[in-house]
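Here is a short report on one protein chain. Keep the sequence and the 3D view open as you read.

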Amino acid sequence: MCDRSLRVTVLGSATPFPRPGNACSGYLVEGGGVRVWVDAGSGTLAELQRHVALEDVDAVWVSHLHADHSADLLPFFYALLYAGLGTVLPVPLFGPVGIADRLAGFLTNGPERSPVETAFDVRELCDGHVARVGGLTLTSRAVEHGPPAFALRVEDEDGRSLVYSGDCEPCPSLVELAGDCDLFVCEADGETPGHHSAAQAGRTAAEAGVGRLVLTHVGSAQAPAEAVALASGAYAGDIAHADPGLRFDVTRRSRTPGRTTTSPASSR
């Protein structure tokens with residue numbers, strides 16, 4: 001059982017495919033005595049094991065079904081059923097409608113459907129979905145990406161909060177979900193339909209009045225430092241880039257209306 005401090009570790013932030021030293025989208029959220037794997041992009045299963053044993057993962061939450069956010073659910077299925085991990089099965093899996101059939105479509109190799117539900121307790125997301133995992137509350141909101149997609153707010157029993165945008169373009173539901181959160185992890189893949197640019201991520205953070213902004217999933221044509229500089233044009237608070245392996249501790253801060261404050265430094 002992990003301690004109750006709320007923190008998030010970047011497993012990977014690459015888009016749209018994993019790079020040497022940087023997996024696709026994936027995050028380990030720890031707090032409230034539990035561990036939640038948020039997005040399972042390509043390469044993140046291996047990185048996850050740097051920080052936690054697979055049998056100690058209490059739940060998985062997936063924003064949408066693009067491979068760079070979900071592909072490592074496939075090897076995780078094999079690990080759960082065939083590696084003798086001793087995991088209590090099935091593991092709760094939160095994801096968009098149809099996630100079980102999508103997995104089964106790949107995993108089935110004969111006339112009988114693969115036993116996806118033996119490994120995963122599938123819980124399909126909808127706008128406003130709320131779930132409790134240990135001492136954490138997970139709230140999901142539908143966001144604008146193209147395929148069904150969700151953003152996530154995680155709150156612990158002490159009122160600390162972090163929000164993850166998943167992949168989406170700027171939209172009111174994300175601003176509402178992120179409102180006054182302590183840490184906001186927002187993708188910045190580029191100013192195209194279904195995504196934020198770095199500057200747009202800064203504007204969303206400012207509109208939501210967040211305590212700290214972490215840019216992730218930055219497009220490959222843009223250097224992280226450039227993305228941070230662009231976001232700072234709209235958001236006056238502290239901004240970091242989601243380097244793989246970086247851990248952010250989520251701490252509540254006092255706020256003055258109209259002014260953001262910064263959180264303590266992150267640590268590796």
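## A buried threonine

Threonine 216 is buried, with a relative accessible area of 0%. Here buried means under 20% relative accessible area, exposed means over 50%, and partly exposed is in between (1.4 Å probe, protein chains only). Threonine 216 is found in strand 13. Its contacts are Ser13, Tyr27, Val185, Cys186, Glu187, Ala188 and Ala242, not counting residues up to four places away in sequence. A contact means heavy atoms within 4.5 Å.

This is a predicted model: local features need pLDDT of at least 70, side-chain atom pairs count only at pLDDT 80 or more, and totals for chains, interfaces and linings use all residues. Residues are numbered from 1 along each chain as its sequence is written, and side-chain values use heavy atoms, with hydrogens and water left out.

## The whole chain

How many helices and strands does the chain have? There are eight helices and 15 strands. Both are DSSP runs, numbered from the N terminus: helices are H or I with at least four residues, and strands are E with at least two. The radius of gyration is 17 Å, close to the 18 Å that the globule rule gives for 268 residues, so the chain is as compact as a globular protein of that length. That radius is taken over C-alpha atoms, and the rule is 2.2 Å times the number of residues to the power 0.38. Along the principal axes, the C-alpha atoms fill a box of roughly 60 × 35 × 35 Å.

Of the 268 residues, 56% are buried. Take the contacts between residues at least 6 apart in sequence: 60% of them join residues at least 24 apart. The chain exposes about 10700 Å², and carbon and sulfur atoms supply 52% of that area. Areas come from the Shrake-Rupley method with a 1.4 Å probe; for residues, only the protein chains shown count as cover. The chain has 20 positive and 33 negative charges, and their mean positions are 6 Å apart. Lys and Arg count as positive and Asp and Glu as negative, while His and the chain ends are not counted. Each charge is placed at NZ of Lys, CZ of Arg, CG of Asp or CD of Glu.

## Helix 7 and its cover

Helix 7 spans residues 198–208. Which of its residues are buried? They are Ala198, Gln200, Ala201, Gly202, Thr204, Ala205 and Ala208. An α-helix has 3.6 residues a turn, so residues three or four places apart point the same way.

The cover over these buried residues includes helix 6 (172–178), strand 12 (183–187), strand 13 (212–216) and helix 8 (224–232). Just after helix 7, glycine 209 takes a positive phi of about 65°.

## Cysteines without disulfides

A disulfide is a covalent bond between the sulfur atoms of two cysteines. The test used here is a pair of cysteine sulfur atoms within 2.5 Å. The structure holds zero disulfides.

Cysteine 24 is buried, at 0% relative accessible area. For cysteine 126, the closest cysteine sulfur is in cysteine 171, and 16 Å is too far for a bond. Cysteine 126 is partly exposed, at 43%.

Arginine 35 is in strand 4 (residues 34–40). Is arginine 35 buried or exposed? It counts as buried, at 15% relative accessibility.

Arginine 132 sits in strand 8 (residues 130–133). This arginine 132 is partly exposed, at 47%. Leaving aside neighbours within four places in sequence, arginine 132 is in contact with Thr137 and Glu157.

Most residues other than glycine have a negative phi, and most peptide bonds are trans. Aspartate 39, in strand 4, has a positive phi of about 65°. Aspartate 39 is buried, at 0% relative accessibility. Aspartate 180 also has a positive phi, about 60°. Aspartate 180 lies in the loop between helix 6 and strand 12 and is partly exposed, at 44%.

The bond from threonine 15 to proline 16 is cis, with omega near -10°. Proline 16 is in the loop between strand 1 (7–14) and strand 2 (23–24). The bond from leucine 89 to proline 90 is cis, with omega near -5°. Proline 90 is in the loop between helix 3 (73–82) and strand 6 (91–95).
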